Amino acid sequence: MYCPCCNKRKLVFCHNQEMISDSKQNVVCPICASLPRHRVLCAIFDERDFDFTKTLLYNQHQCITDWLDVYEVDYQAAEELQSPPPPDTFTFIHYDYQLQTVPCTKAALTELYRITAKGGTVAVTAPIDVDAFVTIEDKTITTPHARAEAYGYPNCVRLFGRDLLEMLEAAGFEVEIFYGWKYPEEIAPWCKPYVHDSNRIYMCKK
Ligand SMILES: [Zn+2]
């Protein structure tokens, strides 16, 4: 097996029992703890050119920063932002597994679009029920247990359907979807490490 995040070969991926999953597959890189969606993202980094001049990371992962460190990318963690950034600031944003937890999807995407530089890219991932056409969101579901039952995770407030694409486009982005199953099996033995892991990354260009 191969991990494009830490660029190591001959790996045996591990199982992480703490993951909320019914999967028994071994999907975690033993070196950098990457998951399949992180390895697919770094494989995309390897094959496409992105402008990492001003990079912002939500839900920062060592496996992604390992890749960025090799290329001496100067990144910033979203939780370290002291105040809302000026418009058109970031040339690349990794928005990993955030959108299912924010109070308002539309407001979050409007803000993401605002802070993205013209020509910049936001890589969005979220749990998605790819069999559902529309997103499920019920304001009466408020307890962690009920949320886990409805959406797959105790901290989620919605479960996206295939209409996530329209939401991203409505925010103003030009969206290209990258499908994990198009990448070599050696990096992404798919997998369902998380519930509703959709095996797709939405590359959103401003
Ligand atoms: Zn790795």
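Predicted model: local features only at pLDDT ≥ 70, side-chain atom pairs only at ≥ 80, totals over all residues.
Residues are numbered from 1 along each chain as its sequence is written.

**Overall fold**
- You get 5 helices and 8 strands in the chain; these are DSSP runs (helices H or I, at least four residues; strands E, at least two), numbered from the N terminus.
- From the N terminus on, the order is β-β-α-β-α-β-β-α-β-α-α-β-β.
- The C-alpha trace spans about 45 × 40 × 30 Å along its principal axes.
- Of the 206 residues, 35% count as buried, meaning 20 or more other C-beta atoms (placed from the backbone) within 10 Å of the residue's own; exposed is 12 or fewer, and partly exposed is in between.

**Around β3**
- Strand β3 (residues 55–58) runs parallel to β4 (residues 75–77), joined by 3 bridges; strands pair if DSSP finds at least two bridges between them.
- Leu 57 has Ala 77 as its bridge partner in β4.
- β3 also runs parallel to β5 (residues 90–96), with 4 bridges, and here Tyr 58 stands opposite Tyr 95.

**Gly 172**
- Gly 172 sits in the loop between α5 (164–170) and β7 (174–179).
- Gly 172 counts as partly exposed because it has 15 C-beta neighbours inside 10 Å.
- Leaving aside neighbours within four places in sequence, Gly 172 is in contact with Tyr 113 and Lys 206 (contact: C-beta atoms, placed from the backbone, within 7 Å).
- Gly 172 and Lys 206 are 34 residues apart in sequence, yet 6.9 Å apart C-alpha to C-alpha.

Definitions and conventions
Contact = placed C-beta atoms within 7 Å.
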